[in-house]
Structure formats: C-alpha cells, structure tokens
Amino acid sequence: MARFVDPAGGDLLMCWRDVAREVALEDCGPVRPFPVRSGRRFAPGWWWSATTGRLVHYGSGVIRNQVMLLDRDPSVVAIACRPVEFTWRKRDGTWVRHAPHLMARLAEGRGLLADCAGHGDISPRLACRAAVVEAAAAAAGWQYRVLRPPDPVLAANLRWLAGYRHPRYRAKRTWTVVMLEGSCVRLVDADNSVATVLANFLFAEPDFEVVGAPQRSVPPFGLLEELPEQVRARAYAWERHVREVETGCPVPGQDQVPRAEFDPARRTMAEREEAKAAELTAAGQPASAVTVRRMRARYREQGVWGLVDGRAARRRSPVGRADERVVAAIEQALQAQRERSTGTLSRLRRTVGWILEDAHGVGTVKVPPASTFNRLVHALADRQGLLGTAAQRRRHSSRPAPPFTPTVALRPGELVMLDSTPLDVMVVLADGVVGKAELTIALDVATRSICATVLRPMGTGSVDAAVLLAQMVTPMRMRRGWEEALAMSRSVIPYERLVSLDARLEGAAARPVITPETVVVDQGRVFISASFTAACDSFGVSVQPAPPANGPAKGNVERMFRTIGDRFSQYVAGYTGSDVTQRGSHVEDEACWTLPQVQDLLDEWQVADWQHRRHTSLRHPLAPKLAVSPNEMWAALVGVTGYVPVLLSEDDYVELMPVKRVGINDYGIRFDYRTYDHEVLNPHRGFQSTAPDGMWEVHHNPYDPQQIWVRLPGGWEEVPWIHKERVSLPFTDFTWRHIRATVERRGDRDEHEQQLAQALDRLLRRAGNGEGTRRERTVAARASAAASLAEPVPNQQEPPDPLTAPTLSYGLVGAFTPASLDEPDDEEFEDGWDEDEDPLGTSDDAGGGPAGDEQPSGRAAVPRPSRIYDARQEATQW
C-alpha cells in the first residue's frame, strides 16, 4: 500500500499500482516532515527548482545536492520530496513504513524514486528497504535508485551555476555541457552551434591517483622524534642488527666484508638468526632466535617504527589508572546534566556516588577524594563542552561536528542572511508611551551590504519579513536633508551603466540593489511560516533554515547586530545597552525619538557609514591584499555577475501579505471574528473556487486589518471590514487580539463583532486622551506606531520626510545645523509620517497635532558652534 497527501491536504491510502498510474505525485506534499535536530550542519529547507518553477522541500544537505543534480537533468520534468510512503509487512509479521527521499517525473512519463545515501556505505537498514521499494517500482513500470553523494568540486560548481538557472538570467541561447576535453569545456546550443570555454580545474579530484602505481610508505619520523632518546637509540640499534642478519652488513651503502657468522654466502638465515641471538645475549641483552625473526618481520612491515618498544609508544590515558567504573559514572553524570541548570562539582560528586550505588551496590565502589575527583572531571570534560554555564553547554551541544566550512558567496545575492533582534534603543510610541523596537535586517554575504532594514514595535510578523524582500529589490530614495555625498551618483558604484538598465536608480541613495537567490534564516516562526515561504516562492528565492540554536550558522548577520549597536545605537538618545547590567538609571526619560525617526536615522547611518566603511573580510577579486567597502565590493562584482532589475507592482505587494483560505458566504468573508463584505463578492457567494480545496485565496495586512484582498477570476479585489466606520483610529491585529481577550461574548456572532468594534474604538479613544490603564495605552501606542509604517506604497519614490529638518551627518563633511521654525519654539508637531501616511485617512482624531496645511513653509540654516547636540531639542524639531 502507498500513502500520499493530495494537493488539497487530504491523507489518502491506496494501492501502489493505482497511485503510480493515476496520481500526479509531483504535485503532492511531503507525507511527513523532516526532523530538525540540534548539532546538524544543515536543517531542512527549500530549494527553488528551475525545472518546476517552485520550491522543493529537502531534509539535509545530501538531499539538497541530489535535488540540484536532478534539477539540471534534461530528462527530469518535475521533482518532489517524500510524496509517497510505502507500507508492507515483513515475514515476522511486523509492519514497515518507508518514504523514499525524492521522486522525479521523467520526460517519457515514467517516474523515478530515489533514496539519498550519506558519505559512508549504505546502511543495512536502507539496503533491505531499497530492495523492496525497487521491486515495487519495477512492478509499476517505474525506476528506483540509491543516489550517492556527488563530488565536492562538482557540488560547488552546481551551486554556482544553479543561481543562473532562474528565468531572469535566461538568455536567447541555451547551452549544454557535452564534454570535458583536457582543460576545456565544450558547449552545444539548440542550433548545434559549438563553443569551447576554458576550465579552471583539471585534476581537482581529492582521490586522484595512478592506477597500479606502487604505494610508498614513509617512516613516521615525527613520531620517532617524540620518543625518548634511549628508546629511539634502541630502535636504531635493532635496525642495524636486522640488516646485518639479512644482508651481512649493518650499514647499507658501504664496502664492508661480512663477518663469517653473518655471511649470506656461507650461512643460512636460521644460522644467522641463531648467531645474532647469541651475540645479543652475550652483550647483556637477552634475546632468542624467535625474537630476531619477529623483529625482522616487523621491520619489513613498518620500518624503524616496528622496532620501537611498544610500551614507550603507548599513549597515556588522560584519566591515568582510575577505576573504569568511576570513569563511566562520571561520564554518565556529565551527559545527564548537559541540559540542566548550572551546578557545582560538589553536586556532580554526589550524583556520581548515587550512580555507583545504584549500579554496583552500597559501598562496593568508593568515590575518589574531592581533589582526585575534580582532576578526573576536568580530564574528561575540558574541551568537550560538558562543564561551564548552562548557556555554554547548550552552545557547544548545538554546534555541528568539525571540520567547519566557511560560508563563501561569490556573487551578490547568492547568500542573504535574515534575522531579527531587539534594538538597544528606547523609542517614543504614540501618545508619549516609551517602548522598545525590533529590528529585522537582510545582509548580503558576498558584499556585506545591508540590503534592507525594517523597524517595528516588539513582535515582528511574517509580513515584515516578506516586505523585507521587497525592500531589497527596490532602490532606496534620497531623503530630504541628506548630504549629496550619500547619492549613488556620487559613490563608486557604476551609476551611469546601472541607470541605463534600471531607471529607478535615478536619484537613489548609495545602497546596492540586490536580488536574493538563497536566504538563510533561523527556526523562528516568522521565517519558516507559510506566508514567508510563499513570498520567497513568488520571487524565486530558495530558503535555507539554519539548525536550531546554532548562531554560527548565520554568524555574519549576528556580528552585524553587534556592529549596529557599537556604531549606531549607543549614539542615539535612549540607548539601553546590550543587557540590563549595562543599562542606565533613567533610560526611559532620555528617549525622545519616535519609531519613524529612528528608522530614518538608521537608514542614513547605513548609507553614510556602513556602506562606505572598509571591511577586513572583503577583498577585491583582483587585488586580494586590498580591503574594500560593501559598495566597492558590489561595484566590482556587479560587472561580472550582471544586474537584472526586478520591478514590483501593486499586486506584488499584495502577494507578499499573509494568506488565508476561506469561503465566500451570503454575509461575506469572516475570519478572526471580523466580517468583510462588498458588492464585488455578489457573483461568487456560495460558490467554490477552482482550487482543489474549493476555498478562496485572501491576503490581509496584520498592521491594517480594516480591509482584505481577495483573488477573484478578474484579479485582486479590495474588500472592507463592515465595521470600518465605527473605529476612528488605526489599529493592528495585536490590538484586536487584546480586545477579543477582554470582551466577553454576549449574543450571537454578529452582535459580538459589533461589541468588539465598539470596545476597540473606546480603547483607542481613551488611550489617545491619556486615559485608561497602562496596558491599554501601550497596546494603542504599539498599534499607532506599527500602522504608521505598515502599508507599503509601490509607486512611492521616497518616504515622507519628518517635516524638513536636517538629520545627522555621521562624520561627513558639514556638521549638523538645527533649523529655525517660523512657528513659536514651544509649538509641538506630530510626526510627519503619521500625518501623511495615515492608512485610515483620519485627520484631527488621530493625534491632536496641527493639520497638514500648518506645516512650516521654510527654514533658515543657523551654524552651530559645536558638533555636540541636544538630542531632545533636535527631536522636537522634526
């Protein structure tokens, strides 16, 4: 029998022959997920396949390499991972289940099942199951293979070439590798045109050797030098004795006359061995002919090293002559406390005593004294990660087994690392509430460029990670008040050549525009969510999750967060330090920057400081001794790898939002206790969609739940919330969940939804007037701050500037100069982004600040005598 999961999500069990004949397994999902284990070098991920045009799930690095090989096979038209599971009964009555790692659909129509073997031999368990699966595949007319790992050089070249298989790099002519001839690679295109290109490797095989050549062994001179002088001299003396027995001369290469008792022409080998034994015994070194014969055999097999006294060459145990039972108990106790809280050696000694009593009885094996016990523990645990704090033990246990391979990326976008962390700065949310923000960044490994940054109140969602992808492929516009030196036209980037390819770069800031090919993320629910993987699928981006609790797997972006703290955060008012031990006394009182202002300052620092700072790990491809900046590295690589602009439309931004699958009923669309309705839904009420599950695809914005987007046959249609007019201030999904938890349901569903909308409006109004509990004010402030930055505008050329005040110069030419407003100095202004980009279109109800027509019309620059500035005074002038 065969089990599979159909495209609609149903778990079905059918006869294997019927499945092979009737079911398109390439469209089915995995029958069971791959496990995520600590300490592995690779975690399960998704590889974007050019053959299928979508992501293919894989469970390990070995499977990923085989997916790459199948993706380049011209006879393969579709690939799937674990789409079917076989079940059969063994002769002893036990049931066996096995899901082959990969399934491929061949161009001729037949299928291929494959299991991926590791670097060692095929395990007996896999061999037994492979025989059964091979017979089942042959019965259905399919093929089955056990795929061996490819050569490391071939795998590295495949990863390099796979990045150019995306349709964006597809040229008019397609070339196929047909032969490796000498140091050249021969290519043939569809028109049978032949081209020959130079290859940079010929004998790169690590196991290259001449077949039939004799194997030469070199004496281990290094090991001999480590031995004591007396032991080494004794071995060399035996070498002379053995040579004299075999050749008659103790030292080869010299014209010597053999002694009579050792002359090969007059004595047999047995007589010479007897004579040598008698000579050694007379010299005070007792030996027999058997000893001489054994020494000859060892010299013939191992050379001089075979003549060394084994007692002197024996490696000493780190625990000396300690009782093996005590050593085993200590190792058991160390392994048992790996995941426990940090304890002392006294607790460990008591635990070892209890283990010995349970295993051997009370008083049978005594625990060594404290000093001896501590010495044994350190001998066993040092450098093994079994001692130290709990955090140190967890970090060591999650680290994969060496040797470690450095992360290498040779072109922009080949590897982009994404991660989130709390920003060490207190920000001012709406209505003066102070809180922390969460920073999400994308870092390109090849150029060390910060491709995009998203700053949100604590609790980054999957929509933020998806919008981060859109920011990466969109040029950053110059902001009002920025120095001209920050423009791309004034940088080392080949501006004229790029503008001819992408008109959006005109007037852009000096930040590279990089299209990701593979993104490396952690196991956070934001990055492995269905919304984020769907966004990557729409962009043709592969997803590589890092193993759990393994920071070094994405060490570049982790180190970038520290750099942001050292070079940016600690200079911003409201800096909290990296932990509570470094925090000041009244940090909340120092906070004076709003969330949009900190985002704008971070963007300026990114362009002004980081992108122009030379990095010791970045070396020019043609000048390895020359350290370059991220912008210089991108300028050097973009001329080799090329630049293909990715243009996003308004529909693309809708595609990036989280998705739900719902039905369209008479009352409209309802989910999460909200009902959405519009007349565009009338032709589809009560009908199912053409999808296998019959549901309709709906995208929603968690930062603005007042409308959704429904994919109808004619395209995307916006559908509003039926109680949109009842709520006058912006809110987010986080605010809605808070209301749902506080309002008790009374009445039917429609009455309850109306009560929720009224309670939400009252909460937002109370918080806006400074009333309500501290929890309510914080919830409303987070909603207002997140809503002001949430909605992406596809055609927006630059974000609205906070008034027209200049920002920090960050060490560039020209110091900061405060602006003088036409209005009185004591007048307060609302943040410009909240006024210009209010997603709900509110005016006076949203804040209490002046209206948009009260903005100052001009300002005069006043020189400042000192570069030391008052952050609070500067923030009030935005």
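1. The model is predicted, so local features need pLDDT of at least 70, side-chain atom pairs count only at pLDDT 80 or more, and totals for chains, interfaces and linings use all residues. Residues are numbered from 1 along each chain as its sequence is written, and side-chain values use heavy atoms, with hydrogens and water left out.

2. Helix H7 (residues 269-282) and helix H8 (residues 289-302) have axes that come within 8 Å and cross at roughly 110 degrees, where helices are DSSP runs of H or I of at least four residues and strands are runs of E of at least two. Axes are lines fitted to C-alpha atoms, for helices over the stretch in contact, with angles from 0 to 180 degrees between N-to-C directions. The contact (heavy atoms within 4.5 Å) involves Glu 273 and Lys 276 of H7, among others, and Arg 293 and Arg 296 of H8, among others. By class, its residues are four nonpolar, no polar and five charged, with Asp, Glu, Lys and Arg counted as charged, Ala, Val, Leu, Ile, Met, Phe, Trp, Tyr, Cys and Pro as nonpolar, and the others, Gly among them, as polar.

3. Helix H10 (residues 324-336) packs on helix H12 (residues 370-381) at an angle of about 65 degrees, with the axes 10 Å apart. Here the contact of H10 with H12 has nine nonpolar residues, no polar and one charged.

4. Four strands form an open sheet in the order S2-S1-S6-S7, with antiparallel pairing, pairing being taken as at least two DSSP bridges between two strands. Strand S6 (residues 84-89) is joined to S7 by four bridges, and Thr 87 stands opposite Arg 97 in S7.
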